[in-house]
Amino acid sequence: MSTIEDARRFYARLMAANAASADPRLEEVFASVPREAFLGPGPWTVIADTSKITTPSADPIHLYQNVLVALDADKGINNGEPFLHAMWIGKLASRPGEIVSHIGAGAGYYTALLARLVSPGGAVTAFELDGKLAGLARENLKTCGNVTVVHGDAVTAPLPPSDIVYVNAGVAAPPAGWLKALRPGGRMVFPWRPAENVPLALLVTRTEKGFACDPFMRSWFIPCVGASALPDAAKVPTREEASRSRSIWLVEDRPPDHTATAVLGDVWFSSSPAQVGVDG
């Protein structure tokens with residue numbers, strides 16, 4: 001029978017292979033951070049489509065698969081799909097010394113992975129609106145010296161200047177403050193849900209003249225409180241328009257023009273690419 005170390009190592013190899021990341025550290029961090037330490041005592045409830053299945057025992061070996069594990073089943077909150085997060089984290093290409101804002105940190109598992117990837121010298125601020133989850137994250141991450149857990153609303157609270165903004169709750173549009181928090185060359189990944197039939201993940205990069213964006217996959221997350229409702233007078237994109245978006249603009253910096261695929265309050269999306277390069 002496989003040992004938990006064998007299972008964790010194979011799981012890490014699967015995560016890295018699915019992410020197709022050139023960074024060998026991705027496999028290392030998935031192998032070194034024990035998932036069970038962030039899920040409470042077993043047996044655990046695993047979510048499969050609309051079904052809920054209980055693991056046969058409290059043996060953590062059951063957790064080292066690409067499965068969703070419930071954190072609060074009544075609220076629909078789970079630990080997230082490992083394949084998806086491995087891909088997202090791989091796309092962000094984090095480096096030692098970078099500053100991360102993690103929005104919707106849950107119980108802190110993916111926060112811990114990010115914290116290791118930006119070490120040494122980097123730091124993570126983890127925002128969690130749910131008080132119970134914020135308390136769990138604070139306890140689970142107490143051995144991570146470069147993580148600060150904030151029980152608060154990342155939509156209204158200012159983010160620290162960040163190289164990475166990692167968003168784990170669905171938004172109709174990213175708040176302007178999140179874009180402004182990105183440092184030159186900074187990256188943000190978030191679940192974009194401007195309409196029921198437009199569930200996309202976007203990678204945003206701050207460039208010299210704007211914010212480049214890449215809608216790279218479909219994704220579903222629970223709504224982000226305070227940022228999931230459409231603003232008044234919104235231009236809501238079709239699925240095809242949303243997929244053609246290549247840049248995001250602050251309305252205060254540039255008014256929407258004929259390239260607009262979506263206009264959502266303080267921000268709008270364009271089919272025209274942002275200029276390549278970063279602020280100097």
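Select C144 to begin: C144 is buried, at 16% relative accessible area. The model on screen is a predicted one.

Next, select C224. C224 is buried too, with a relative accessible area of 7%. Now show its sulfur and look for a partner. The closest cysteine sulfur belongs to C213 and lies 18 Å away, which is too far for a bond. A disulfide needs two cysteine sulfur atoms within 2.5 Å, and the count by this rule is 0.

Move on to the largest nonpolar core, which has 46 residues. Select F30, I89, Y109, L113, L141 and Y166, the members that touch the most others. To see where the core comes from, colour the elements that each give at least two residues: the helices α1 (4-19), α2 (25-32), α3 (82-92) and α4 (109-117), and the strands β6 (123-128), β7 (147-151), β8 (162-167) and β10 (200-206). The largest share, 7 residues, is supplied by α4.

Stay with F30 and show what surrounds it. Leaving out residues up to four places away in sequence, F30 touches R8, Y11, A12, M15, P82, A86, Y109 and L113. Apart from this core there is another one, of 33 residues; V171, F211, L264 and F269 are among them. In soluble globular proteins, nonpolar side chains tend to be buried together.

For the last stop, select P184 in strand β9, which covers residues 182-192. Is P184 buried or partly exposed? With a relative accessibility of 44%, P184 counts as partly exposed. T205 is 21 residues from P184 along the chain, and their C-alpha atoms are 8.6 Å apart.

How values were computed:
Residues numbered from 1 in each chain as written. Predicted model: local features only at pLDDT ≥ 70, side-chain atom pairs only at ≥ 80, totals over all residues. Heavy atoms only, no water. Core = buried A, V, L, I, M, F, W, Y, C linked by side-chain atoms within 4.5 Å. Buried < 20%, exposed > 50% of the residue type's maximum accessible area, 1.4 Å probe, protein only. Helix = DSSP H or I, 4+ residues; strand = E, 2+ residues; numbered from the N terminus. Contact = heavy atoms within 4.5 Å.
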